[in-house]
Amino acid sequence: MSSLCKELDISSVATLSLRDLPAEQGFLVQEAQDYLPEATSALIATCCYATKKPQVVLDEPRGDIAPYMWASFYRHLRKKLVKLSKVIGGKTKISVNGRLAEKSWALAANIGFRGEHSIIITPQHGSLAILGILLTSERLPKITAPPLPTKRCEGCQACLKACPTKALSGSGVLIREKCIQHLCAKALPLDAGMMKVWGNRLYGCSTCQDVCPYNSQVPKSEELPQVGRVGPSLPLLPILKMTEKEFRLHVAQNQMARRWVDFRAIKRNVLLALASHDNHLARKTIEFYCDDEDELLRQTAHYLSSAT
């Protein structure tokens with residue numbers, strides 16, 4: 001099993017027998033059997049998304065995309081787990097950014113530990129990894145994850161200090177309503193303090209991971225997966241001319257195309273990102289949206305116009 005995972009380029013891997021989980025992790029057993037009633041074992045896997053930043057021609061205002069969204073690493077990992085499931089046999093079900101509490105499974109399997117930024121940190125790839133769970137009716141051989149460091153985030157606080165909105169309160173607790181990563185998909189009005197620090201973000205935020213010491217030495221891949229590839233930024237102005245359907249086709253198979261990402265939030269993000277560009281057309285576009293029929297976009301544009 002370990003050699004097959006290595007052949008498929010699946011990173012950290014560990015297996016769990018559901019009947020051997022302690023009582024305090026009984027909720028995982030219940031969750032697994034709700035998802036796959038025949039489940040007896042789970043394989044927990046990661047896919048590292050650390051990739052060298054591709055060169056982009058900056059000939060127009062572009063908005064930044066968080067590195068984990070440069071391509072669909074979620075679909076990339078799922079494809080690998082589907083191949084693995086065919087070898088395992090029996091009944092299987094896979095969760096990658098899905099219904100299962102993937103962080104809790106990773107902690108139970110000692111794949112990693114919860115960092116102060118609330119993200120799982122693995123020995124091999126820091127926090128730059130996607131998590132996936134494969135449930136199966138088959139009994140899997142025991143695979144143990146590499147040992148975790150004894151000293152973890154104690155005394156660091158780099159992510160807490162760097163977070164632009166102070167969304168991290170310590171001990172791995174994330175205040176979601178303050179987190180740019182969380183808010184970038186929600187069509188909600190933002191307060192002035194949030195808009196002031198938004199910067200050139202079109203989708204996602206990786207500030208806490210950019211400063212995490214565990215990520216500084218993680219090797220970076222040369223190539224992005226093809227599936228859902230959008231790269232590190234997208235032109236901003238064309239998005240405002242797109243319909244929702246056109247945008248979802250434009251970023252097809254990327255997480256930005258998922259149903260929980262509100263297109264109105266994307267358009268709001270475009271306006272916020274445009275404000276960081278010293279560009280005449282960007283300024284004129286923001287002024288134009290001061291009279292837009294959409295209240296969210298109109299309020300955002302009004303704030304940005306008054307703040308300049």
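**Entry 1: around A301**

I started with A301 and skipped its neighbours within four places in sequence: A301 is in contact with L271, I286, Y289 and C290 (contact means heavy atoms within 4.5 Å). I then looked up where A301 sits, and the place is helix 13, residues 295-307. Helices here are DSSP runs of H or I with at least four residues, strands are runs of E with at least two, and both are numbered from the N terminus.

Is A301 buried or exposed? A301 is buried, because its relative accessible area is 0%; buried means under 20%, exposed over 50%, and partly exposed in between, with a 1.4 Å probe and protein chains only. For one of its contacts, I286, I also noted the spacing: A301 and I286 are 15 residues apart in sequence, and their C-alpha atoms are 5.4 Å apart.

**Entry 2: ground rules**

I reminded myself that this is a predicted model, where local features need pLDDT of at least 70, side-chain atom pairs count only at pLDDT 80 or more, and totals for chains, interfaces and linings use all residues. Residues are numbered from 1 along each chain as its sequence is written, and side-chain values use heavy atoms, with hydrogens and water left out.

**Entry 3: the whole chain**

I looked up the secondary structure and got 13 helices and 11 strands in the chain. Along the principal axes, the C-alpha atoms fill a box of roughly 60 × 45 × 35 Å.

Why does the radius of gyration agree with a compact globule? With 308 residues such a globule would come out near 19 Å, and the chain has 21 Å, which agrees. The radius is taken over C-alpha atoms, and the globule rule is 2.2 Å times the number of residues to the power 0.38.

I also noted that 52% of the 308 residues are buried. Of the contacts with a separation of 6 or more, 75% are between residues 24 or more positions apart.

For charges, I have 40 positive and 29 negative side chains, and the centres of the two sets lie 4 Å apart. Lys and Arg count as positive, Asp and Glu as negative, while His and the chain ends are not counted.

**Entry 4: cysteines**

How many disulfides does the structure hold? I found 0 disulfides, a disulfide being a pair of cysteine sulfur atoms within 2.5 Å. C156 is in none, and the nearest cysteine sulfur, that of C159, is 6.4 Å away. C156 counts as partly exposed, because its relative accessibility is 33%.

**Entry 5: loops**

Q157 is not a glycine, yet its phi is positive, about 65°. At 42% relative accessibility, Q157 is partly exposed.

S171 is another non-glycine residue with a positive phi, near 60°. I placed S171 in the loop between strand 8 (168-170) and strand 9 (173-174), and at 67% relative accessibility S171 counts as exposed.

Last one for today: P189, in the loop between helix 6 (180-183) and helix 7 (192-197). P189 is exposed, with a relative accessible area of 58%. Which residues does P189 touch, not counting those up to four places away in sequence? I got L296 and Q299. I also checked P189 against S12, 177 residues apart along the chain, and their C-alpha atoms are separated by 39 Å.

Technical notes. The place of a charge is taken as NZ of Lys, CZ of Arg, CG of Asp or CD of Glu.
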